[in-house]
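Visitor: I have a structure open here and would like to walk through it with you. Could we go strand by strand and then look at the metal and the pocket?

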Amino acid sequence: MATISGKCLCGGISYESDNEPMFTANCHCSDCRAATGAAYSTLSFFKSDDVKISGETKSYQHVADSGSQMIKRFCPNCGSQLFGENSAREGMISVRAGTIDQVEMVKPARNVYCGSKIPSTPLDPELPASEKMPEA
Ligand SMILES: [Zn+2]
Ligand SMILES: [Zn+2]
């Protein structure tokens, strides 16, 4: 049994990883908000090689305000967003944490891009928060 598994709403796309995510963050940037339709996005980052994907995703490419090429992968049937790749983070894949089956393993370590959050979104005061993406 894989440590982590997940799927889209219709189940057409699924994935597994034997390793836990390297880190997880809540992202309040306007791209994540528009892409997910949610107030913010919780992203868990894995090594690309660790995540085995079943099913054919569709993708959308855009340029982030950092200048990075971003690829977002989603289910062509139900539209769930599952994965993201960033040209500045070679070899890493982000997984939209809402799709992870093992909910106890979704432990955001910080809030990022709080400068563009929806004002009413509450932040956990226990977690570090940054205006944009922290340097380290
Ligand atoms: Zn689906
Ligand atoms: Zn974001």
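Visitor: Which residue in E2 is the bridge partner of serine 5?
Guide: In this predicted model, serine 5 has glutamate 16 of E2 as its bridge partner. The two strands, E1 and E2 (residues 14–17), pair in the antiparallel sense over four bridges.

Visitor: What order do the strands of that sheet have?
Guide: The order is E1-E2-E5, an open sheet of three strands with antiparallel pairing. Strand E1 (4–7) and strand E5 (52–54) stand at the edges with a single partner strand each, so one side of each has no neighbour in the sheet. On average, neighbouring strands of this sheet are turned by 15 degrees against each other, direction ignored.

Visitor: And the seven-stranded one, what's its order?
Guide: That open sheet runs E6-E7-E8-E9-E4-E3-E10, and its pairing is mixed. Its edges are strand E6 (58–63) and E10, and because each has a single partner strand, one side of each is left without a neighbour in the sheet.

Visitor: How do E6 and E7 pair, parallel or antiparallel?
Guide: They pair in the antiparallel sense, over six bridges, and within that pairing tyrosine 60 has lysine 72 in E7 as its bridge partner.

Visitor: Moving along to E9, how many of its residues are buried?
Guide: Five of its five residues are buried, so E9 is mostly covered by the criterion that buried means under 20% relative accessible area. Both faces are covered, with Met92, Ser94 and Arg96 buried on one side and Ile93 and Val95 buried on the other.

Visitor: What does E9 pair with, and over how many bridges?
Guide: E4 pairs with E9 in the antiparallel sense over five bridges, and phenylalanine 46 stands opposite isoleucine 93 in E9. E8 also pairs with E9 in the antiparallel sense, over two bridges, and there glycine 84 stands opposite serine 94. E8 and E9 form a hairpin with five residues between them, and glycine 91, in the turn, has a positive phi of about 80 degrees.

Visitor: Going back to E3, is alanine 25 buried or exposed?
Guide: Alanine 25, which is found in strand E3, has 8% relative accessibility and therefore counts as buried, the limit being under 20%. Alanine 25 and serine 44 are 19 residues apart in sequence, while their C-alpha atoms are 6.7 Å apart in space.

Visitor: Now the metal: which protein atoms are donors of the zinc ion (ligand 2)?
Guide: The protein donors are the SG atoms of Cys27, Cys29 and Cys32, which lie 2.2 to 2.3 Å from the zinc ion, and along the chain the donors follow the spacing C-x1-C-x2-C.

Visitor: Why do cysteine 29 and cysteine 32 count as buried?
Guide: Cysteine 29 counts as buried because its relative accessibility is 13%, under the 20% limit, and cysteine 32 is buried with a relative accessible area of 6%.

Visitor: Last topic, how much space lies in the largest pocket, and what lines it?
Guide: About 850 Å³ of space lies in the largest pocket. It is lined by 39 residues, and those closest to its centre are Met70, Asn86, Arg89, Tyr113 and Met133.

Visitor: How does the lining divide by class, and which elements supply it?
Guide: By class, the lining has 20 nonpolar, nine polar and ten charged residues. Among the elements that each supply at least two lining residues are strand E3 (23–27), helix H1 (30–36), strand E4 (41–47) and strand E9 (92–96).

Technical notes:
Residues numbered from 1 in each chain as written. Chains lettered and ligands numbered in written order. Predicted model: local features only at pLDDT ≥ 70, side-chain atom pairs only at ≥ 80, totals over all residues. Heavy atoms only, no water. Donors = N, O, S within 2.8 Å, 3.2 Å for Na, K, Ca; no water. Buried < 20%, exposed > 50% of the residue type's maximum accessible area, 1.4 Å probe, protein only. 1 Å grid on protein atoms, 1.4 Å probe; cavity = no way out; pocket = protein on both sides within 12 Å on 5 of 7 lines; lining within 4 Å. Points joined across faces, edges and corners; volume = space filled by probe spheres on them. Nonpolar A, V, L, I, M, F, W, Y, C, P; charged D, E, K, R; others polar. Pairing = 2+ DSSP bridges. Axes fitted to C-alpha atoms, helices over the stretch in contact; angles between N-to-C directions.
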